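This report sets out the pockets, a helix and selected residues of one protein. The sequence and structure are shown first.

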Amino acid sequence: MEQENITNNYRHILKPLSNNKITKYDFVGFDVETYGDTNEFYIGGLYYFTKNKKETFKVFDNKEEMINFLLSDKFKNKYIVATNLGFDLTALFFNTKQWNELNILESGSNIIYADYTFKNSNKKGKIKFIDTMNYAPFSVDKLGKILKIPKLDKPECLGKIPKNNEERQILITYNK
């Protein structure tokens, strides 16, 4: 009886999906790795599909290059997705000129959404940054278990500058 009352109370909101109302979105995975006590940017990765549907992972070891690539036409009107967006967005953008160009929505101390609006009239559109934690409050580890893609073990060099190319490659794989 209680379940029936709940269903009746929300019938005006909850409706079955129909094929002509499903909206598809372009998502881009976004993650950064940092080092030191102040979480300085070390590398960042973007995981996305190109226009011809080719799966692509691009890694950056230069903060400015990553920002310029991320805020390019390539990602106009796309959703950039991170888990713990506040950490990744801050590590990449804080103390840059683009930080003040982001429209950031916070809840308490958490960044739950941000967007970047193209100012050039030829590039109308936005890039929207969202946090998976707002849709499913799960860690990357738990999401991996749900999707049957286990999260990799934390590398020893996590939070540090890798000592050699082998450690760097491990960190890049972990980021991906």
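## The second largest pocket

The lining of the second largest pocket consists of Asp 26, Phe 27, Val 28, Tyr 48, Phe 49, Thr 50, Lys 51, Lys 53, Lys 74, Phe 75 and Lys 78. A pocket is an open set of points on a 1 Å grid over the protein atoms alone, where a 1.4 Å probe fits and protein lies on both sides within 12 Å along at least five of seven lines; lining residues have an atom within 4 Å of a point. The volume of this second largest pocket is about 270 Å³, where volume is the space filled by probe spheres set on the points, and points are joined across faces, edges and corners.

Five nonpolar, one polar and five charged residues make up the lining of the second largest pocket. Here Ala, Val, Leu, Ile, Met, Phe, Trp, Tyr, Cys and Pro count as nonpolar, Asp, Glu, Lys and Arg as charged, and the others, Gly among them, as polar. Strand 1 and strand 2 each contribute at least two residues to this lining.

## Basis of the model

The model is predicted: local features need pLDDT of at least 70 and side-chain atom pairs count only at pLDDT 80 or more, while totals for chains, interfaces and linings use all residues. Residues are numbered from 1 along each chain as its sequence is written, and side-chain values use heavy atoms, with hydrogens and water left out.

## Lys 78

Lys 78, one of the residues lining the second largest pocket, is located in the loop between helix 2 (63-70) and strand 4 (79-82). Helices (H or I, at least four residues) and strands (E, at least two) are DSSP runs, numbered from the N terminus. With a relative accessible area of 17%, Lys 78 is buried; buried means under 20% relative accessible area, exposed over 50%, and partly exposed in between (1.4 Å probe, protein chains only).

Not counting residues up to four places away in sequence, Lys 78 touches Asp 26, Val 28, Lys 126, Ile 127 and Lys 128. Contact means heavy atoms within 4.5 Å.

## The largest pocket

The largest pocket holds about 1400 Å³ of space. Its lining comprises 38 residues, and Asp 31, Thr 83, Val 140, Asn 175 and Lys 176 lie nearest its centre. By class, this lining has 21 nonpolar, 11 polar and six charged residues.

Strand 1 gives the most to the lining of the largest pocket, namely eight residues. At least two residues each come from strand 1, strand 2, strand 4, helix 3 (85-93), helix 4 (140-147) and helix 5.

In helix 5 (residues 165-175), the buried residues are Arg 168, Leu 171, Ile 172, Tyr 174 and Asn 175. Viewed down the helix axis, these residues fall within an arc of 160°, so they line one face of helix 5; the arc is that of the directions from the helix axis to the C-beta atoms. They pack against strand 1 (27-35), strand 2 (40-49) and strand 3 (55-60).

Tyr 42 belongs to strand 2 and counts as buried at 16% relative accessibility. Leaving aside neighbours within four places in sequence, Tyr 42 is in contact with residues including Glu 33, Phe 60, Ile 161, Arg 168 and Leu 171. Tyr 42 and Lys 160 are 118 residues apart in sequence and 8.6 Å apart in space, C-alpha to C-alpha.

## Overall architecture

The protein has five helices and seven strands. Of its 176 residues, 31% count as buried. Among contacts with a separation of 6 or more, 51% are between residues 24 or more positions apart.
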